[in-house]
Amino acid sequence: MRIGKQDAPFTAICTSDAESIRVRGQDLCGEIIGKMDFTSYFWLLVTGSAPTPTQKFFADAVLAAIAEHGLVPSVVATRMTYAAAPEAFHGAVAAGLLGCGSVVLGSAEVAGRFLAEVVAGGDAEAAVRALRADKKAIPGFGHPQHSGGDPRANLLLQLAAERGIEGPHIAALRAVGACLPAVIGRSLPVNVNGAIPAVMLDVGFPLAALKGISLLARTASLIAHLQEESERPIGFMLSGAAAAAISYDGP
């Protein structure tokens with residue numbers, strides 16, 4: 001049984017023969033290895049074109065911004081999985097990545113789609129009111145710890161202003177923030193998952209691949225936590241703390 005489209009049996013990412021490997025039209029050994037940094041290679045792989053210096057700068061900045069933030073759920077899942085299955089390094093990394101959804105880490109994708117809708121519709125307040133009518137959170141705003149302002153978001157937006165790349169998505173982010181007091185009765189700070197899509201979309205990164213930025217960055221952090229877990233294990237401490245913190249209230 002055929003499912004889905006069957007009329008485009010092609011890929012433009014990679015091909016190889018007995019003598020060479022070509023990635024996005026470039027010779028892997030002659031033009032990429034030892035000549036292109038990984039951030040540029042990531043951009044090339046995703047978009048098909050090498051980044052401009054500005055695009056590379058902001059890709060580097062956002063990857064660094066989102067990689068690490070302590071014992072967040074993805075890290076806890078990874079370290080506890082490794083404690084239980086130390087032979088499955090890859091499984092522990094996967095455990096952390098599988099939980100990157102609409103609330104934590106993957107929320108940059110949600111915020112990006114929301115900002116794209118605001119840009120297309122041209123009315124930030126109407127978009128916010130529609131979310132509130134459905135009792136949904138405002139993507140890209142608020143933070144449980146950085147209630148006075150997410151320092152990562154503030155810096156990314158400052159860099160965008162300094163380097164002159166503020167475009168329609170950053171403008172949409174600011175418009176949403178400006179209308180929040182009128183709609184919800186209070187201001188909320190922009191968080192890093194609001195700043196990342198605003199900046200990346202304005203420098204030309206594709207909307208459909210936004211979640212990949214968070215996944216790539218957090219993978220580096222998870223590997224670091226697993227290296228530490230192998231030498232200074234806390235996975236079972238995390239499990240024990242969870243058991244001690246939660247009381248049974250069933251029959």
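Predicted model: local features only at pLDDT ≥ 70, side-chain atom pairs only at ≥ 80, totals over all residues.
View A. Glu-125 and Arg-129 both belong to helix α7 (residues 124–133), where they sit four residues apart, about one turn of the helix. Helices here are DSSP runs of H or I with at least four residues, strands are E runs of at least two, and both are numbered from the N terminus. A salt bridge places a side-chain nitrogen of Lys or Arg within 4 Å of a carboxyl oxygen of Asp or Glu. Glu-125 is partly exposed at 33% relative accessibility, and Arg-129 is partly exposed at 40%. On this scale buried means under 20% relative accessible area, exposed over 50%, and partly exposed in between (1.4 Å probe, protein chains only).

**View B. Further salt bridges.** Searching the whole structure gives nine salt bridges. In one of them, the side chains of Asp-150 and Arg-152 meet at 2.8 Å, N to O. Asp-150 is buried, with a relative accessible area of 1%, and Arg-152 also counts as buried, at 18%. Glu-166 and Arg-174 form another, their closest N and O atoms being 3.2 Å apart. Here Glu-166 is partly exposed at 42%, as is Arg-174 at 44%. Salt bridges also link Arg-79, Glu-228, Glu-229 and Arg-232 in a network.

**View C. The surroundings of Ser-214.** Look for Ser-214 in helix α11 (residues 210–231). Ser-214 is buried, with 1% relative accessible area. Leaving aside residues up to four places away in sequence, Ser-214 touches Ile-66, Leu-105, Ala-108 and Asn-193, where contact means heavy atoms within 4.5 Å.

**View D. An open antiparallel sheet.** Three strands line up in the order β1-β2-β3, with antiparallel pairing. The edges belong to β1 (14–16) and β3 (26–27), each with a single partner strand, so one side of each has no neighbour in the sheet. Strand β2 (residues 21–23) pairs with β3 over two bridges; strands count as paired if DSSP finds at least two bridges between them. Across this pairing, Val-23 stands opposite Gln-26 in β3.

Definitions and conventions:
Residues numbered from 1 in each chain as written. Heavy atoms only, no water.
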